[in-house]
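Please look over the model shown here with attention to its aromatic rings, its helix packing and the surroundings of its ligand. The paragraphs that follow take these topics in turn.

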Amino acid sequence: MTRRASIMKGEVDHRFSSEVAKQPIEIRLDMCLQCGVCAGSCPIAFAMDYTPREIMELVKLGLRDRALMCKAIWLCSGCYACSDRCPENVNPAEIINSIRSIAYKSKIDVPKMFIKIAENLLSYGWIYEVDEFTNEERSDLGLPKLKPPNLEALRKMLEEHLFKEGQR
Ligand code: SF4
Ligand code: SF4
């Protein structure tokens, strides 16, 4: 149970689960059984302030601020073990991604690493700069040269899915 005893009056936002569900990837939060398979599968759960199961519970209970402020959403590595093993196809990994987006739009402090990754994506189309040195190293390993991505399409997608609502 997610520390229900300490839930404060006025803390519940009944629209939060709908807000989280507004994303292009399918999620099935209503089907969450609170079985804990996601938490048991997560390689980082030991370091999280809320396990994946508890994060699902926060969303179901409408505890918006706690979900947006928890450190676990930024610790998640996006390995998708939780989504792969969830018996109800709830897709907790994408729910965590959605909470991250809402946190960003809500002007919650985002770890600098994520800001840097977003800046690099907008500038280069990759999460880090791919220069000639990188391609030479790839060539030495027998790998093909990386071609520049379609920056315009990428920026359009980021604007549609990340920056459209609640500009920071
Ligand atoms: S998200 Fe899936 S694995 Fe996690 S508690 Fe809910 S039903 Fe179980
Ligand atoms: S996607 Fe995130 S929450 Fe899910 S198992 Fe991987 S690290 Fe844990």
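Across the whole structure, a search finds one aromatic pair, where rings of Phe, Tyr and Trp (its six-membered ring) pair if their centres lie within 6.5 Å. Trp-74 and Phe-114 form this pair with 5.0 Å from centre to centre and 65 degrees between the planes, an edge-to-face arrangement (planes under 30 degrees apart count as stacked, over 60 as edge-to-face and the rest as tilted). The pair links distant parts of the chain, since Trp-74 belongs to helix H5 (residues 72-75) and Phe-114 to helix H8 (residues 112-124), 40 residues apart; helices are DSSP runs of H or I with at least four residues, numbered from the N terminus.

This is a predicted model, in which local features need pLDDT of at least 70 and side-chain atom pairs count only at pLDDT 80 or more, while totals for chains, interfaces and linings use all residues. Residues are numbered from 1 along each chain as its sequence is written, chains are lettered from A and ligands numbered from 1 in the order in which they are written, and side-chain values use heavy atoms, with hydrogens and water left out.

Around ligand 1 there are 13 residues, the closest being Cys-32, Cys-35, Gly-36, Cys-38 and Cys-86, where near means a heavy atom within 4 Å. Helix H2 (37-41) and H3 are the elements that give two or more residues to this shell.

Helix H3 (residues 52-61) also meets helix H7 (residues 92-105), their axes coming within 10 Å and crossing at roughly 60 degrees. Ile-55, Met-56 and Val-59 of H3 make the contact with Pro-92, Ile-95, Ile-96 and Ile-99 of H7 (heavy atoms within 4.5 Å).

Conventions:
Axes are lines fitted to C-alpha atoms, for helices over the stretch in contact, and angles run from 0 to 180 degrees between N-to-C directions.
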